[in-house]
Amino acid sequence: MMLGCNGSDGKESSESIMDAAKIEQGVRLILEGIGEDPDREGLQKTPERVAKMYEEVFAGMTEDPSEHFETLFDEHHEEMVLVRDIPFYSMCEHHLVPFFGLAHVAYIPAANGRICGLSKLARLVDAFAKRPQVQERLTSQIADTLVEELNPQGVIVVLEAEHMCMSMRGVKKPGARTTTSAVRGVFERSQATRNEALSLIFAPHRSM
Ligand SMILES: Nc1nc2c(ncn2[C@@H]2O[C@H](COP(=O)(O)OP(=O)(O)OP(=O)(O)O)[C@@H](O)[C@H]2O)c(=O)[nH]1
Ligand SMILES: [Zn+2]
């Protein structure tokens, strides 16, 4: 059975390439591989549950991120727009365990350009996060898509994340955080503009 692909808000999106039967077979094999009995009562539905979970956590596999930029607004605002502290969950492509944290996305619209809905910046983060990923690629993909879709004067994306593959296994360093950034356009050329964005991104959190 091919899984339908729902966005996180339940909206139907493009046709899925996911094959639930394959995922279920794989999970059954893993359970057998670790010495479990996949037919014992508690595990009988586990392959099916995991297939459904993958449909959700890998929903970005079937999502075209550009679809979030179909509606743009003619607002001549040539100053920085920043949405910070966007929570995200992704999956490390090396170990298939989560990495998660906060994304901060800022851009300066083009002169006489257009702006996007603020929620679309968070939807863009999710579209790329919900795939097997490395944090560096996730960061660049968000920045490059904004450049393509808005042709802005500049984009800066900063991601801070904890990787479960570094926390619960392997080197076992819970709490270690990885910060990645991608800067494009004026944020790359102008240290002052970049510093302005970074000071807003890393300003101490306060209630509004
Ligand atoms: N650059 C980068 N590395 C990542 C990311 N997520 C996980 N890794 C790393 O991927 C590497 C995989 O290294 P390998 O030596 O092939 O695998 P491993 O033996 O499981 O490595 P350890 O995690 O050190 O036990 C590890 O160093 C992980 O920390 C990521 O988003 N970006
Ligand atoms: Zn990993």
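A residue counts as buried if 20 or more other C-beta atoms lie within 10 Å of its own, exposed if 12 or fewer, and partly exposed in between, with C-beta atoms placed from the backbone. Keep that scale at hand for the whole tour.

This is a predicted model, in which local features need pLDDT of at least 70 and side-chain atom pairs count only at pLDDT 80 or more, while totals for chains, interfaces and linings use all residues. Residues are numbered from 1 along each chain as its sequence is written, and chains are lettered from A and ligands numbered from 1 in the order in which they are written.

**Stop 1: the whole protein**

Along its principal axes the trace spans about 60 × 40 × 30 Å. Of the 208 residues, 28% count as buried.

Now switch to a cartoon view. The protein has seven helices and seven strands. Helices here are DSSP runs of H or I with at least four residues, strands are runs of E with at least two, and both are numbered from the N terminus. Follow the chain and the pattern reads α-α-β-β-β-β-α-β-α-β-α-β-α-α.

Next, think about contacts. Two residues are in contact if their C-beta atoms, placed from the backbone, lie within 7 Å. Among contacts with a separation of 6 or more, 67% join residues 24 or more positions apart.

**Stop 2: two domains**

Color residues 1–63 as domain 1 and residues 67–201 as domain 2. These bounds come from an automatic or database domain assignment. The C-alpha centres of the two domains lie 28 Å apart. Seven residues of domain 1 are in contact with seven residues of domain 2. On the domain 1 side, the touching residues are four nonpolar, two polar and one charged. For these classes, Ala, Val, Leu, Ile, Met, Phe, Trp, Tyr, Cys and Pro count as nonpolar, Asp, Glu, Lys and Arg as charged, and the others, Gly among them, as polar.

**Stop 3: helices α1 and α2**

Select helix α1, residues 20–33. Axes are lines fitted to C-alpha atoms, for helices over the stretch in contact, and angles run from 0 to 180 degrees between N-to-C directions. Angles under 35 degrees count as roughly parallel, over 145 as roughly antiparallel, 65 to 115 as roughly perpendicular and the rest as oblique.

The crossing of α1 and α2 is right-handed. A crossing is right-handed if the near helix is turned clockwise from the far one by less than a right angle, and left-handed if anticlockwise. Which residues make the contact between α1 and α2? Show A20, I23, E24, V27, R28 and L31 on α1, then T46, P47, E48, V50, A51 and Y54 on α2. By class, this contact has eight nonpolar, one polar and three charged residues.

**Stop 4: helices α3 and α4**

Move to α3 (118–129) and α4 (135–150), whose axes come within 9 Å and cross at roughly 135°. This pair is therefore oblique too. Its crossing is right-handed. Select L124, V125, F128 and A129 in α3; they meet L138, Q141, I142 and T145 in α4. The contact has six nonpolar, two polar and no charged residues.

**Stop 5: H68**

Is H68 buried or exposed? H68 is buried, because 20 other C-beta atoms lie within 10 Å. Leaving out residues up to four places away in sequence, H68 touches K120, R123 and L124. L121 is 53 residues from H68 in sequence, yet the C-alpha atoms are 8.6 Å apart.

**Stop 6: R84**

Go to strand β2, residues 81–92, and pick R84. R84 counts as partly exposed because it has 16 C-beta neighbours inside 10 Å. Beyond its neighbours within four places in sequence, R84 is in contact with H104 and I201. A103 is 19 residues away in sequence, and its C-alpha is 6.4 Å from that of R84.

**Stop 7: two positive phi values**

Find L96 in the loop between β2 and β3 (98–108). Its phi is near 55°, a positive value in a residue other than glycine. L96 counts as exposed because it has 12 C-beta neighbours inside 10 Å.

End at K172, in the loop between α5 (164–167) and β7 (178–185). Phi of K172 is near 50°, again positive in a residue other than glycine. K172 has 9 C-beta neighbours inside 10 Å, so K172 counts as exposed.
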